[in-house]
Amino acid sequence: MSAERKILSGVVADDLTGATTTGALLAARGVKNIVSLSDTSNLSYDDVDALLVSTDSRRLPPEEAASRVRNATRDLVARGATIFSKRTDTTMRGGIGYEIDAMRDVLGEDYMAIIVPAMPPSKRIVVAGYSLIDSLLLARTGVANDILSPVKESYLPKLLAGQLRDAVDLICMNTVVEGRDAIRAAMQKSYDRGVRNILCDSVSSEDVADIAAVVSQLGWKVLCVDPGLFTTEYAVAQGIRTEEKRPKAPLRTKSQENDHGTVVIVAGSATATTRQQLEYMQEVPGTHTITLPHDPFIGGGHEYAQARAEAVAQARRILDDAAAGNGEPGQVRVIIITLDTTLSGTVVDINRIEVAKNLPAGQGSRNLAQHLGEVARDVMDMLGNQLAGVYATGGDTLVNTCHAIEASGIALEDYVIPQSDQGRIVGGPFNGLPMVGKGGLTGTEHTALRIVNRLFDERTVS
């Protein structure tokens, strides 16, 4: 550890896109950070102020998730972290309460869990303890029908009470709007009563900043629990060292003469939002799509090997045709790698395919994400120096693409839009390559195009 560092922020997230979202928020405030994709001992982190790890635990049973979180927290303590955060999903999926308790098992029961689940820039707010997603109650959104992590409860004190060991107090909006003195008095009252879990309403970024300032002034040992904004405000309030940010080029939807090379899009998300973005992207000159058949990618084995070889051959034909001047003039600006079901919107019964192919439950989904990442690696290798950047959409897709390219981490630099996180690959053969990761539900039809153009801009300054 460098002798001059005074503070290292340690963040435990339950999935990789959650970690990158928090990393991007920190980076936007000039806090240099790395998101670890593996054992943190593989990373050089002496020049960073925040180290973020993903336990990939959102879908796990409580005990297994808690074990991973305890291990990750111990590792952060050993690395010298002095302030801590539990990154939560903006839609409260997973065993958040169990993971809070797991971190406090390591940090100590005297740590106050300050829970601020709002992300106002993404239209996620909390009022009277109720989570609202773009003006809808949480349980009335699509997350209630999430196949692996459904959320059926909008009232967060009740949701958390079913997971936490200890009681949780709620600081409502009528207190938050009164300002910092009122917030401080309410928090102190809970603290004096022995409560160690405090949930706070907030509807704006200013509310979150006020809560962070109060908590920092109180001087407690604190575990920040939030989707990233509160963690960032608290870290800055604690005096974490920052660096001067390099200005980013404005977002654009037009190509430029210096857009040299090819951006690879790896799209595993099956949401309507992703489909809309890909459809818009496909209309942009210089965009080519490699469409992968879902069945062999779920099943694996010989059929997958054949489908993978055909995908590689298709990529080679695209590049050879462009080099020969056949078909569409100009460079191959973008290669989209995605599944037939992503483009069609067809809902696939993966469980049925697993049974038909004699696979263990859940193996089909794991195969799908892993194989998509492997094809992405094949194409990236083929492009060589022509590769300008990579954009992965969908949490499992991002994880498996990073594993396939042997990355040990991602150094976050900013966000393109909130929850579309921009950075550079750390480690492996693509070290330093510009990268963006995005969840499948984020953005408008123009978002993929803006991300692609940002990656071209980043290549010119790398």
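In which helix is Thr17 found? Thr17 belongs to helix α1, which covers residues 16-28, where helices (H or I, at least four residues) and strands (E, at least two) are DSSP runs numbered from the N terminus. The model is predicted, so that local features need pLDDT of at least 70 and side-chain atom pairs count only at pLDDT 80 or more, while totals for chains, interfaces and linings use all residues. Residues are numbered from 1 along each chain as its sequence is written, and side-chain values use heavy atoms, with hydrogens and water left out.

Taken as a whole, the protein has 16 helices and 18 strands, and its C-alpha atoms fill a box of roughly 75 × 50 × 40 Å along the principal axes. Its radius of gyration of 22 Å agrees with the value near 23 Å that a compact globule of 462 residues would have, the radius being taken over C-alpha atoms and the rule being 2.2 Å times the number of residues to the power 0.38. Of the 462 residues, 57% count as buried, a term that means under 20% relative accessible area, with exposed meaning over 50% and partly exposed in between (1.4 Å probe, protein chains only). Among contacts (heavy atoms within 4.5 Å) with a separation of 6 or more, residues 24 or more positions apart account for 76%.

Thr17 itself counts as buried because its relative accessibility is 14%. Leaving aside residues up to four places away in sequence, Thr17 touches Gly395, Leu398 and Asp421. Its side chain also makes a polar contact with the side chain of Asp15 at 3.0 Å; such a contact is a pair of N or O atoms within 3.5 Å, of which, within protein, one must be able to donate a hydrogen and the other to accept it, and residues adjacent in sequence count only if both atoms are side-chain atoms.

Leu223, in strand β11 (residues 222-226), is buried, with a relative accessible area of 0%. Its C-alpha atom is separated by 8.2 Å from that of Ile100, 123 residues apart along the chain, and Ile100 is one of the residues that Leu223 touches, including also Phe84, Met103, Leu107 and Tyr111.

Most residues other than glycine have a negative phi. Lys123, in the loop between β5 (112-115) and β6 (124-127), has a positive phi near 65 degrees and is exposed, with a relative accessible area of 52%. Gln419, in the loop between β16 (409-417) and β17 (420-426), has a positive phi of about 75 degrees, but counts as buried at 15% relative accessibility.
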